[in-house]
Amino acid sequence: MKSVIISRTLQSLAPRARIARVIVAVAFAGLFTAACKGTTDFRPVTSLTISPTSATVPVNGTQQFTVVAKDADGRVLSVTPTWSLVAGGGTLSSTGLFTAGTTTGTFTNTVRVTCSGITATATVIVGPGALLTITVTPNPATLATGATQQFTAVGKDANGNVVAITPVWSTVNPPGSINATGLFTAGNTAGTFPNTVRATQGAIFGTATVVVTAAVVPIVNLGTANNFAILAGAGIRCAISGTVTGATSPADIGSSPTLTISGFPPCTFDGSIPLPAVVATAKGDLTAAYLAAQGQVCNRDLTGLDLGFFDGSTPTKTLPAGTYCFSTSAGLTGTLLLTGSATAKWTFQIGSTLIAEVGSRVVLAGGAIPNNVNWAVGTSATLRTNTAFQGNIMTLQSITLESGVILLGRALAQVGAVDLIAGTVVITKP
């Protein structure tokens with residue numbers, strides 16, 4: 001009887017033991033499936049979502065990353081995943097706290113979180129820290145009076161990383177002027193100006209020194225063309241009235257290879273019409289002078305700017321002695337004031353046409369003289385009605401002087417004609 005009771009007891013315990021073993025096995029299976037220590041949930045992890053998937057962090061800054069684990073039914077699971085850093089950029093704690101290093105850059109998929117063999121990643125962009133310095137270049141900058149120089153500014157943080165800036169440009173004890181983009185234009189005062197160009201962002205600024213030198217303009221030697229007030233390649237025509245004289249010596253006129261000269265009289269001149277060979281020699285000297293003027297080093301490009309802007313009313317509107325160039329046409333509306341000593345020289349290199357509009361003027365002051373102002377014109381020049389002009393006009397093609405024009409200088413055309421077409425023109429050879 002005792003053995004029967006024992007047997008039945010054992011039989012009743014067997015199913016319970018088997019159930020316990022199954023429960024234990026399932027629990028361990030859940031743990032191995034989750035593979036995330038510290039979890040109390042034994043359902044398998046089927047997805048991981050990291051947040052944020054991309055983060056911009058400043059140098060030495062921090063970003064907390066988080067992860068959500070879910071099972072196949074979309075239920076959120078409580079897990080403790082493994083965090084790691086793959087591509088650098090800083091450091092990562094065991095809880096997903098990223099601390100940026102000192103090197104900027106984009107670190108793609110560098111933050112990694114893993115649970116139950118499933119991985120999710122995030123990208124970190126390490127940006128520069130706070131602006132610490134601004135460097136202005138070039139420093140120093142050396143340029144001639146009237147010339148321009150483009151300055152640039154680069155901002156950096158404490159670790160030398162570039163910080164994007166939009167600086168405010170200014171000059172201190174200005175030897176010239178500067179615009180909003182850092183383009184500096186030298187004035188007409190030579191000298192060394194320490195830390196004069198300034199780029200400012202907030203409370204941070206950088207400076208550069210400017211050295212302004214007097215522009216060196218070579219002498220344009222007209223040779224025997226210096227004797228002529230009018231020199232042409234395709235003839236000279238004067239209509240109604242006109243006067244051609246010399247201030248210090250008689251003013252000759254001539255044309256070669258076309259010898260045609262008409263309208264004298266009624267127009268008058270106080271010199272002579274030299275022999276064709278003499279005129280041809282002068283034409284050769286004119287070509288050499290034109291090429292020398294066009295070959296000078298350009299101190300400042302004035303393309304697209306009307307010469308009437310330089311009326312001398314402000315330092316910005318003052319055009320010191322130098323060589324100035326126009327890639328295409330040049331125009332004068334209003335007054336061009338050139339101020340300098342008797343040794344100061346101006347050369348204007350013009351790619352195509354020169355047009356002085358009605359009533360415009362070229363005025364010399366401070367002792368400047370017309371012989372030291374040369375206009376090298378790539379095609380033709382036109383001085384419109386009542387223009388008062390100064391300097392030697394040397395064109396490749398023609399020159400046209402309209403009614404009432406006063407020219408204190410020379411009209412010298414290499415290929416085309418010189419026309420005094422509407423009368424009352426006065427040319428005075430310096």
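Me: Where does alanine 141 lie?
Reply: In this predicted model, alanine 141 is part of strand β12.

Me: Is alanine 141 buried or exposed?
Reply: Buried, because its relative accessible area is 3% and the cut-off for buried is under 20%.

Me: Leaving aside neighbours within four places in sequence, what is alanine 141 in contact with?
Reply: Five names come up here: Gln149, Phe151, Thr209, Val210 and Val211.

Me: What about the bond joining phenylalanine 264 and proline 265?
Reply: That bond is cis as well, with omega about -5 degrees. Proline 265 is found in the loop between β23 (252-262) and β24 (268-269).

Me: Where is asparagine 60 found?
Reply: Asparagine 60 is in the loop between β2 (54-58) and β3 (62-64). It counts as partly exposed because its relative accessibility is 49%, and exposed would need over 50%.

Me: And what is the phi of asparagine 173?
Reply: Asparagine 173 is not a glycine, yet its phi is positive, about 50 degrees. This residue lies in the loop between β16 (168-171) and β17 (176-178).

Me: Is asparagine 173 buried or exposed?
Reply: Exposed, because its relative accessible area is 57%.

Me: What about proline 174, where is its place?
Reply: Proline 174 is also in the loop between β16 and β17. With a relative accessibility of 49%, proline 174 counts as partly exposed.

Me: How far apart are proline 174 and phenylalanine 193?
Reply: In sequence they are 19 residues apart, and in space 7.8 Å, C-alpha to C-alpha.

Me: What does the side chain of threonine 323 make a polar contact with?
Reply: With the side chain of glutamine 296, at 2.7 Å.

Me: Which residues is threonine 323 in contact with, leaving aside neighbours within four places in sequence?
Reply: Gln296 is on the list, together with Val217, Val297, Cys298, Asn299, Arg300, Thr347 and Gln349.

Me: And glycine 88, where does that lie?
Reply: Glycine 88 is in the loop between β6 (82-85) and β7 (90-92). Its relative accessible area is 24%, so it is partly exposed. Beyond its neighbours within four places in sequence, glycine 88 is in contact with Phe107 and Thr110.

Me: How far apart are glycine 88 and leucine 305?
Reply: The C-alpha to C-alpha distance is 54 Å, and they are 217 residues apart in sequence.

Me: Now the whole protein. How many helices and strands?
Reply: There are 2 helices and 38 strands.

Me: What does the C-alpha trace span along its principal axes?
Reply: About 165 × 45 × 35 Å. The radius of gyration is 43 Å, whereas a compact globule of 430 residues would have one near 22 Å.

Me: How many of the 430 residues count as buried, as a percentage?
Reply: 42%.

Me: And what is the accessible surface of the protein?
Reply: It comes to about 19,700 Å², and carbon and sulfur atoms make up 60% of that.

Me: What share of the contacts with a separation of 6 or more comes from residues 24 or more positions apart?
Reply: Such residues account for 59% of those contacts.

How values were computed. Residues numbered from 1 in each chain as written. Predicted model: local features only at pLDDT ≥ 70, side-chain atom pairs only at ≥ 80, totals over all residues. Heavy atoms only, no water. Helix = DSSP H or I, 4+ residues; strand = E, 2+ residues; numbered from the N terminus. Rg over C-alpha atoms; globule rule 2.2 N^0.38 Å. Buried < 20%, exposed > 50% of the residue type's maximum accessible area, 1.4 Å probe, protein only. Contact = heavy atoms within 4.5 Å. Areas by Shrake-Rupley, 256 points an atom, 1.4 Å probe, with all protein chains shown as cover. Polar contact = N/O pair within 3.5 Å; in protein donor to acceptor, adjacent residues only side chain to side chain.
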